[in-house]
Protein chains: 2
Amino acid sequence: MGELSELFAPERIAVVGATDRDGSVGRAIMENLLDSFVGEVVPVNPKRESVFDRPARDGVGETDADLAVIVVPPDVAVESVREAGEAGIGNVVVITAGFGETGSEGAARERELKDVAEAYDLNLVGPNSLGIMSTPVGMNATFGPEDAAAGRMSFMSQSGAFITAVLDWANEQGIGFKDVVSLGNKAVLDESDFVDAWGTDPDTDVIIGYLEGIDDGQRFIRSAREVTQDTPIVLVKSGRTDAGAQAASSHTGTIAGSDEAYEAGLEQAGVIRAETVQELFDAARVLESQPVPERDGVAVITNAGGPGVMTTDAIGDSRLSMASFTDETLEAFREALPAGGNVYNPVDVVGDADNERFRDAVDVALGDENVGSVIVLACPTAVLDYEQLARDTVALQEEHEKPVAACFMGGARVEAAEAPLAEAGIPNYFDPARAVDGLDALSRFRDISEREYDEPTAFDVDRERAREILSSVEDRADTRLGVEAMDLLDAYGIETPEGDIVDAPADALEVAEGIDGDVVMKIVSPDILHKSDIGGVKVGVPHEEVYDAYEDLVSRARNYQPDATIIGVQVQEMVDLDDGVETIVGMNRDPQFGPLLLFGLGGIFVETLEDTTFRVAPVSEAEAETMTEEIDAAPLLRGARGRDPVDVAGVAETIQRLSQLVTDFPAILELDINPLVATPDVVKAVDVRLTVDPEEL
Amino acid sequence: MGELSELFAPERIAVVGATDRDGSVGRAIMENLLDSFVGEVVPVNPKRESVFDRPARDGVGETDADLAVIVVPPDVAVESVREAGEAGIGNVVVITAGFGETGSEGAARERELKDVAEAYDLNLVGPNSLGIMSTPVGMNATFGPEDAAAGRMSFMSQSGAFITAVLDWANEQGIGFKDVVSLGNKAVLDESDFVDAWGTDPDTDVIIGYLEGIDDGQRFIRSAREVTQDTPIVLVKSGRTDAGAQAASSHTGTIAGSDEAYEAGLEQAGVIRAETVQELFDAARVLESQPVPERDGVAVITNAGGPGVMTTDAIGDSRLSMASFTDETLEAFREALPAGGNVYNPVDVVGDADNERFRDAVDVALGDENVGSVIVLACPTAVLDYEQLARDTVALQEEHEKPVAACFMGGARVEAAEAPLAEAGIPNYFDPARAVDGLDALSRFRDISEREYDEPTAFDVDRERAREILSSVEDRADTRLGVEAMDLLDAYGIETPEGDIVDAPADALEVAEGIDGDVVMKIVSPDILHKSDIGGVKVGVPHEEVYDAYEDLVSRARNYQPDATIIGVQVQEMVDLDDGVETIVGMNRDPQFGPLLLFGLGGIFVETLEDTTFRVAPVSEAEAETMTEEIDAAPLLRGARGRDPVDVAGVAETIQRLSQLVTDFPAILELDINPLVATPDVVKAVDVRLTVDPEEL
């Protein structure tokens, strides 16, 4: 595949299916291209002599183009792409619809298209795409009604209609783009390819996108991690909610992965996820134009107390904080402000403040070393010239090189201020919460760009033994394993309680006698999922009662389900919960991101409180530690209410060892260690359940 | 006090301190009033012959006005108000600043002002107010630069600057108002008064406001409950966050109550609380103009799949749901839509849909009995006329009398559609999430207006005994009570474990022998707050060990703090936790709302998980039940994971009995029952702590 950057900088574009017939897609593309493309546009249409006064070629092979745009009907589209490949044209945009989105015939056609693209090593966008744009060469190779203005954001979208709507709106707002791509069905090029390409594009400062799914989650994480060290990525990934996921799935025809996986994967990728269109562009605009703040303290300079309080609330809702001023700053404010003013943050320069007083206060705040950014928050007054305040704000922002957000409240009175602010990339909002959201995105990107991604630790494990244990399902009708697979954990160095599974009462007693103190006994049967519900668990059994307890457990199981397969009874040491916390560590395999690890509060709280956090495996030590810090119950692990802290490092190591296990064995479809009991001294996996796919072994 | 409605419909307004001096507040008010007020404006200024060519009176007593606006300096303002009262002028707006907001001298002046207002029974707005407006009589009695347009929202604000900003913006947006009030320092009239007044005002359809505090929470709840049966109230109450509360407190000089109290109080009052300015107006606009939906199912009709998914996500985030269509509707869509369309919700009429197809689909959806409201979601295409779609949408909304939200995405292309939509009160947003927020507010208001507020149950309790127990603090240095006050709960019918407090080991044994099974023993001392930390609690003590346990507990307490007051040892029955849940029920007294009840998950989870909910007491049975349903752990109470459900009705009754106790005794400053153990059979208060104010007994 040629460099993807070439897709956006062609010199000659062949339009296969070009026409000047009214209302046709082929005409729309020709018009858009002829309108402003700096290179040559070559129509291909064997049925016409010329299109828009340009001689039409019979085939794409005769065009000498470096980009072919395909708008012919679906039944001949693949052949056209083949001809393009044959002729050495490396870049192809397939506008034509009627592929994977339309049922089995279309799906077969899409597979064929993919094969051709592979055979000729093509950069292929689509099919079912609105097209692509690149403003530096004036290329609008879409059939949409709007041209993009020039800018430094590059934008990809899985919805062509959304591109049309955004461009119409962006043109009005003065927002420009470098490249725009309608991803279509993503038969060949997908979101990861464009992340890679734009990550090294000197003309792209921010990558934004609307996605309904990510094809290869693991690859996306690798690509985006690399790119977001320098270039921010802001995405709307729709299908966040159950209803939305169902709608996305029926719209794109793909199996929706869980939103937990997307949430975790996008976070690990360093992507800033926007929930709404407004959030997407509010974040993108400041990331394009403003420097990142060196610290999270914000100074609010206002001529109105009430809006100052609202802004403080919005800062309280965000990852930012109200800056504490240095003594010098406070002194400067005391001198500059009249009685009734407030020198503490939010700084109230008072309703009678003129431009000079307002400007000086913003200047002082920006000069304070504790201040990472400033919000200039103004209400209209008779003595304040908004346009002048805008110009002062812009000049001070440039002088201090710190991010500044503007919240000039009002309507008609603000209009004159909009242009100088917008020109300097300082968006102005009526609602202080949106100004804060912008600064929040800058702060998040600073942290993302400073992240270090460590390699996962490779523990010394017994992989062969693990494989043997997993292979035991091959002899069974059932692919689920329970406590009989505790040795699997052992093979990967995850500590389990002393004990064993036995199939005779005398053996149970023998195992118990090897254990100090009372024991726990559990029925072991693949047919009994909820052991407690049938009285299949006995806690605190003294040695002298072990024999009878064995008999009782087996008879309970038989009563419950006469034909149940009973593997035996597990006899286990008691793990003291008094100073411990029950947690859960688990994994399920996501169709897009692969192994998704879960950590949370365990026991009876798992389902009810859902105090959990997720990561895509493999995870590094730092990521595993972060997981133990992210749950609401984290302080319990660290010794809340006078308790001793539990072995949190041991919990994090268990997460990493599980991460290694599920990465090593794609055959493990899902696995739960619940509870994983953590005490101040030990971390032990008390119970395990997993499902294995024998085909993958 | 005369009817507050008279404040907004004066016939003669006296402006005390009227002047035509440039840049003065007195001039600004005269100009604003002369501009459009339908009645007479009478300037009062003993130093001038005339103001704006109107003869100036020497005193307000000579004006025969029914509203006096006071703009004289603070040192003479109170006297002017007195004169107005003397002259029988019942309505006064004090613009003058320099009262409570400026320190002790100003506070004294404000008290004086209040006394005068009371003596003459005045409707007094302010002091430190921007003024008031009422559009039906063209009255702008403010010194702000903007006039309000006529409309059916009435707006109060604790920030004058915010009013100025909002009006400038609202005029641009075509949003009008009936009355506008700048509350100022609220020396006399406060938010509750205006809620009452606007609640019976036939020209006010929506009440909106910006508040930094509510003066009398209990009164506000009563007023707002009544009003919101018909008229929606949407408020921003700032100081939500810790930082914001601090800023609000320094801005208004009042003690900030907890945001938990505001959140609970506003909910109980039936107020829709907006977090941001955008939310405030998005909600208010639809509440003013659209009918409430009869059901929460929303139909989304779109010509673009991607935005349809985004909208579905936004609906998933809200209290609304995606409507399921009837078979007739599905059949109608199947007939009307081409291949590639989607007849299920979100309905995709496909990108090539013309106005007729789009219109018909919206019509069908609105006709479906399962559909409560419709979102018309459109992306620009060559075949769709946005203006026509707007007109069709308006006509269909009126025909079906169901709420409709518009999300016509785009910029310049949408402009022509804005006017017909806005005229019909259908706000149009680029971001589907905002359209959904509007429908969400309508649905919330429907539920609020249908609420029934039951009286709290009056349980038969032993109030005298409770008073005696509380009075025991009068003999002590400490105003805190612990387990020695368990009888207080008993007096109010809250069950406690069997047992007693004793001060000799032999007595301990006697109590234990009256209890079936092992006992719990706890040291009882006002000086030892965290009993567990010093080993001051013994669980599962067999009778034969009770004597020694007593000695041990006392000696531990002595070791910990030699001079501790030791009341004795509590000997208590063991409450079996195996099938129980530890909860917490508590109360603290909020400065604005009074007794604030808390219910939540108890034990070690209280502080860490903060799984709690709050209500202002007194609560009805229904409210207490709702509290038990609102915590995240609610399913645990109702028998999650195969456990038996606990006695939830008993928990709710305990909440109500506590509500009655803290309402009966304002002397109880705070009280926690933790844990309140709930099992399938019993609900028992195992431990209690409270603080009593002897002055209030």
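What we have here is a predicted model, in which local features need pLDDT of at least 70 and side-chain atom pairs count only at pLDDT 80 or more, whereas totals for chains, interfaces and linings use all residues. Residues are numbered from 1 along each chain as its sequence is written, chains are lettered from A and ligands numbered from 1 in the order in which they are written, and side-chain values use heavy atoms, with hydrogens and water left out.

Let me start where the two chains meet. Between chain A and chain B, 71 residues of chain A are in contact with 71 residues of chain B, where contact means heavy atoms within 4.5 Å. The size of an interface is often given as the accessible area lost when the parts come together. For chain A and chain B the buried area is about 5,500 Å², and carbon and sulfur atoms give 63% of that; buried area here is the accessible area, taken with a 1.4 Å probe, that two parts lose on being put together, summed over both.

How many salt bridges are counted between chain A and chain B? The count is 5, a salt bridge being a side-chain nitrogen of Lys or Arg within 4 Å of a carboxyl oxygen of Asp or Glu. In one of these cross-chain pairs, Arg240(A) meets Asp317(B) with N and O 2.7 Å apart.

Which element gives the most to the side of chain A that touches chain B? That is H10(A), with 10 residues; helices (H or I, at least four residues) and strands (E, at least two) are DSSP runs, numbered from the N terminus. By class, this side of chain A has 34 nonpolar, 19 polar and 18 charged residues, where Ala, Val, Leu, Ile, Met, Phe, Trp, Tyr, Cys and Pro count as nonpolar, Asp, Glu, Lys and Arg as charged, and the others, Gly among them, as polar.

Because 8 of its 11 residues are buried, H8(B) is largely enclosed by the rest of the structure, and here buried means under 20% relative accessible area, exposed over 50%, and partly exposed in between, with a 1.4 Å probe and protein chains only. The buried residues include Tyr262(B) and Leu266(B). Just after the helix, Gly270(B) takes a positive phi of about 85°. Helix H6(B) packs against H8(B) at an angle of about 30°, and their axes are 8 Å apart; axes are lines fitted to C-alpha atoms, for helices over the stretch in contact, and angles run from 0 to 180 degrees between N-to-C directions. Among the residues making that contact are Phe220(B) of H6(B) and Leu266(B) of H8(B).

Side chains of opposite charge can pair when their charged atoms come close. Asp296(A) and Arg446(A) form such a pair at 3.0 Å, N to O. Asp296(A) lies in the loop between H9 and strand E15 of chain A and Arg446(A) in helix H15, so the pair ties together parts that are 150 residues apart in sequence. Arg446(A) is buried, at 8% relative accessible area.

Compare that with Arg334(B) and Glu331(B), whose closest N and O atoms are 3.5 Å apart, and which both lie in helix H11 of chain B, 3 residues apart, about one turn of the helix. Arg334(B) is partly exposed at 42% relative accessibility, and Glu331(B) is partly exposed at 38%. Finally, Asp190(A), Asp193(A), Asp196(A) and Arg219(A) are linked in a network of salt bridges.
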